Amino acid sequence: MKRKKMSLVSLLLVIALLLGGCGGTGGETGSGGESEPVRDTLIVGMDREPAGLDPTSTHVTTAVMIFNNIYDTLLSFDNEMKIQPRLAISYEQLDDVTYKFHLRKGVKFHNGEELKSSDVLFSFKRLYDIPAAKGQVSMIDPNGFECPDDYTFVLKTTEPWSALPAQICSSYLNIVSEKAVTEAGEDFNRNPVGTGPFQFVSWTAGDSIVVERFEDYWDEKALLKTINFRIITEATSRVIDLESGGIDIALAVGVTDIERLRENAATDLIQFNHTGIRYGAFNCSKEVFADKRVRQALNYATNVEIIRDVLYDKGIGAMPATTSVIPILSGRNTDLVQYDYDPEKAKALLAEAGYPDGFSVEYNFLSNTKNTRLGEMLQAQWAEVGVELVMAPLESATLTATLNAGEHDFCTANSTYALGDTIEGLYSFYHSSMHGTSRCRAYLSNPEIDALLDEARVEKNEDKREQLAYEIQALVHEEAPWIYIAYEYYNVGLLADVQGFKPAPNSAHDFSCVYIAEK
Amino acid sequence: MIKYILRRILMMIPVMLGVTIIVFTMMYITPGDPAEIILEDGATPEAVAELREEMGLDDPYLVRYFRFVSDLLHGDLGTCYAIGQPVFDRLVQTFPNTMKLAALAVLVSTTLGLLMGIISAAKQYSVFDNVAMALAMMGNAMPNFWQGLLLMLLFSLWLGWLPASGFSSFKHMILPAVTMGTSSAAIIARMTRSSMLEVIRADYISTARAKGQVEYRVILRHALKNALIPVVTIIGIQFGRQLGGAVLTESIFAIPGVGKMMVDAIKARNFPVVQGGVLMIALSLSIVNLLVDILYAYIDPRIKSQYK
Amino acid sequence: MNNTTNTATSQTLPVYKKRGQGAEIWRRFRQNKNAMVGMCIFLVLVSFALFAEFIAPYDPIEQDLLNIMQTPSRQHILGTDELGRDIFSRIVYGSRISMTVGLIAVGIAFVAGSALGVICGYYGGILDNVIMRFVDILMSIPAILLNISIVAALGTGLQNVMIAIGISNVPRFCRIIRASVMSLREQEFVEASRAAGAKDLYIVMRHIIPNCLAPLIIQATVSIGSSILQCASLSFIGLGIVPPTPEWGAMLSTGRDFLRKAPHLTTFPGLAIMAAVYAMNLMGDGLRDALDPKLKN
Amino acid sequence: MSQQEKLLEIKNLTVHYATVDGTVRAVENLNLSVDAGQTLGLVGETGAGKTTTVKTIMRILPVPPSIIKNGEILYKGEDLLKKSQKEMRSIRGEKISMIFQDPMTSLNPVLTVGDQIKEAIELHTKVNKRKAFELAGDMLETVGIKRDRANDYPHQFSGGMKQRVVIAMALACNPELLIADEPTTALDVTIQAQVLELMKRLKVQYNTSMIMITHDLGIVAEICDYVAIMYAGEVVEYGTREDVFLRAQHPYTKGLFTCIPDMYSDDNRLIPIRGLMPDPSNLPSGCKFHTRCDYKCERCEKEEPSVVEVSSGHYVKCFFALPQNVASSKVSVKMPV
């Protein structure tokens, strides 16, 4: 008798489950590929949210990418890192320190204003009172600017400086509309106005930034109507979203997903060498690392070959690195050879340097999977030569503070190359005056290298600059303040029907030429 | 009843004040300098010192605390260090998402919990009872970030029913809500089961049956309403858990919620955002607890008379 | 009351075997199948923790970079992780870490929570009010945010993680103790002992605490499980246990990047966490039924 | 049909409970009957199986532990044990309704009194909500509670008032048989008298027959027409009130009477019955009362006595039961008028 009563209740359960469980799922079938109308919106999954949309607020890779699509600089790098004219049709160097730029006529800002040299002046002048951006114009004379007429702009550098054109291409110097900035004030960071192929639409913090085609762009118009930059920090979710058709392009794809995206018919993978190098840096200002032999010994004690195989899945994710200058830049010293893996030699050198039974070193790093694995491998390898590597992970805020203050013994980093200029890069890595800045992790102070760097910085002649670059790299190789790990490839996953995407080494990708192919 | 609600609201004020003190002190003693993070690569020592001065980070503890509280009283939660947007706007954008998610998660956990609790109480010691309880506890034991990933693999990738991440439509909320909901379904199920078992044995249930009332109405109208009383308090507490659970789930499913914002803010030493976020969460929890107590009185007339 | 009939006592009282209270609880606990399952899993994990050296076939930190991310095979029953280390050995050693985190974190919460709870419950007054408001504040901040800020303040590492999780569990224990102490305070036997001149401390230790052990033990068991979960969540955000110490949460977190290529890197640590928390919940329930006869029916 | 149709007839009903410590034989082939309009008193110590019996009549015993071994319960000739749940529901509350012992817990604390009575009415009569509520108000008036209190909650009533509400609920659909399981035990004496008075009045007014379960012989004397003495799951003596009070023959029945203080006799020593109720999971052999009986002989220990009709309608289950013309009762009890 009792049984019958209970069946009623279980029936109730089934109904409730049906209602509650999968009530709302629509009829949407699997991922794209059917004959939907060709989409005119591109959804890009990016890994980090830019701090702001004012070009002076940040230069995180994702921000640089968006800036490149809503602003223009006077000059810019093409995909071979060669400098090409953009808003400035041409420029001439009047003397050692003065440069004259001829601006393009009839260029419209998104708010309808026409680009004038006053806007360019304003875009340069405002950098001096922004602490984060001041460094970018430290070599430019603040009162050396002139605007002879609406379409010419003259600037002077504080001293002869061969890397000035490269500095003009920096994302900090994207040209903004003076009228828009003065009117918006603080809010400009949230609704930018530039001259780029796309104009800003909306930004929901933590979720997405939407831009749409700027109809009267001075160059040929963008092919797509809108781009939605979605912020998906979790790498695994980003890739799954791509494969399930939720997004069209997934930036910063992990090494482990490369093969699968290539094999999967619905997706493609583009790999390119971006302007970054992953390295380990000894803090030369610390007593134990002051001696070159100790640094060389640890280079011998590190089997970079096998570390690269493990971290980058046998070379799929990166290229071997023998010097700090990245492959696509001119002046890269190609005849340097990597320290081979020779623990005996390392022990001998350590003994010679006065550490026969080794020493203990603290390793500060941002705790993510790659740094952790790298640290654990170094720990095991260095232990064989008696050096104990103590893992000391820090989260981002404390890490930045420690490294900038030079309190670390050893750290790893993945720095992008300053300004895409060989000499500037070497200068920011190794020059003793740069201690405390974010790229100088080795705290090297070698007068000979400093002298060569200063000379190269002002050297106008191209071949002479390359010759100096060779010499500097050779000396640095001898000093061995770093352990070169790899030039990492930057991997971008796309849906098969996304065409025309050409990645830029300094991640200033141009989305105006991207389109969706008909099926 | 109104008097009781007013008293409870007044009591919230010291708690809120306490929250500001704790959060502010916690942030104050945390190493790492926001100025350096904002400057990123441009962080030369002078630039950092200049920015710190500008942001007033060098002032003594008390000065900064009272500035924070006085701003708070004027409704200004300060500006977010990273984006320069008023914290209030950031919260307005992110808070509703987390609340919607947490509410849906509570709905999921309550329906699951109640159903399993009632059924396993009605069919005590049967196979269903043990299986339901074991399943519920399994949901609770699984780390929700791992569960989220697996659900995403199953439902977004292989089955293609639900979008993997983002937060634009209702369908986006199903997976995260289920991930968060299952963890507290167990507690609600267990609580419902034990209180149902207690209530089913009460005399008034036999009275109801003696009246000739049909079984399922005896269970739903008489037993459940009484059994709900202790369960309602558990549901109130679960809401707090869901806000906590949201933190990881939001980063997995890329949901612009307060949880994810808070984790990034703490890591980037974005003090105003952390302080604003924690205050908002604490406020919403206190309000939810108050609502639960009112619901409590509505369900149990004996308590309503106390409040008069 | 009305006149009830024959309340006579008589010699032929059926003799019940005199069972100690502990034995009675154990008998009830043993009858609960789920609880026994939980107990077995718990014992396995504890034996892993205690005899890790003997059970684990390999050294958990020893790398074998030639064959990384091997799927389970004869030599490595659960396969190898992203640096070629044996996953089974790491899980066995990992149980030592997780159990320690669970036990010590709950220990901190148990002691601090009980002390606060007893003071509030027994003395009441402004002290009670102040402490309880403090507890309300802690309760109104989600545990994970509390953990993150404490770890951010103290720095990462096993010890700080334990302190953080311990502190965020204090409110729960404090509330439970306070409730049972307040109800016990009114009981006659407490007044009787006070009337007999016993000092407060004696009363608390002798009468009050033993009587509110039941809810405490239940909460402690369940909290060990939740502490292991919280530790895993911290590792997921990168604030958990320092590598290379093998901890389940850290293994799960690093493994997630290889979720598609080598799922076994996440599956086994995940299952280990689940088993531990599941066992704790089952035992907690079993204890609740055993210690609280009213529910046994 | 027998000469006067029996409203309810229970034939050798046996009900056991399967518990952790073995099966409890609560009721052992019990025979009982109730005529229309009559009140049967069911008397016995706690654990004698009284509640189990009436709950089996109503079929509200929880099935997992309880098992109905055999026996029939004929209500107007139809066996209730064979009826489906649906059919039982139309009987419960309408034909047979029940009052429980503790008024404190027999009303749903979260529903108003009026709603709970209304529910009983709506279940069995096709009336709209407003009419049902009105009827509920009438019932409250009949049990002496003002109508406007229908919207109050149970916790706002005293014990006695609550029992009145329960009675109102039970009689809402004018049932033919009312089962009262120790309705006044939880009440104090003065309230008890009022409630009994009310039940007597309503019994006559609605011409309902009643089964009154009690272990208080005072109540039996005041309200019951017939009496059945139950011991360890079976009826050991059955008869009219006068039979049992004046001509009790079974030692247990006599023992019950010697335990009551008698106002009129100056003998101030009470003679309790030796021993306690036997453990239902291992009942003694033969006559179940032999372990506590002063008159027992070997036969009592081995054989189970059969039921002897000592006089018309007066049955005793004991070897020493003598047909009426010989017996002399040692006990005299003044019948309260």
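In which helix of chain C is the place of Val222(C)? In this predicted model, Val222(C) belongs to helix α10, which covers residues 213-237 of chain C.

View 1. Once neighbours within four places in sequence are set aside, Val222(C) makes contact with Asn281(C) and Gly284(C). Val170(C) stands 52 residues from Val222(C) along the chain, and the C-alpha atoms of the two residues are 14 Å apart.

**View 2. Helices of chain B.** The secondary structure of chain B comprises 13 helices and zero strands. Followed along the sequence, the pattern of chain B reads α-α-α-α-α-α-α-α-α-α-α-α-α. The C-alpha trace of chain B extends over about 85 × 55 × 30 Å along its principal axes.

**View 3. Buried residues and contacts in chain B.** Chain B consists of 308 residues, and 63% of them count as buried. For contacts in chain B that link residues at least 6 apart in sequence, 72% are between residues at least 24 apart.

**View 4. Surface and charged side chains of chain B.** Chain B has an accessible surface of about 11,400 Å². Carbon and sulfur atoms account for 71% of this surface. The side chains of chain B include 25 that are positive and 21 that are negative.

Key
Residues numbered from 1 in each chain as written. Chains lettered and ligands numbered in written order. Predicted model: local features only at pLDDT ≥ 70, side-chain atom pairs only at ≥ 80, totals over all residues. Heavy atoms only, no water. Helix = DSSP H or I, 4+ residues; strand = E, 2+ residues; numbered from the N terminus. Buried < 20%, exposed > 50% of the residue type's maximum accessible area, 1.4 Å probe, protein only. Contact = heavy atoms within 4.5 Å. Areas by Shrake-Rupley, 256 points an atom, 1.4 Å probe, with all protein chains shown as cover. Lys, Arg positive; Asp, Glu negative; His and termini not counted. Charge placed at Lys NZ, Arg CZ, Asp CG, Glu CD.
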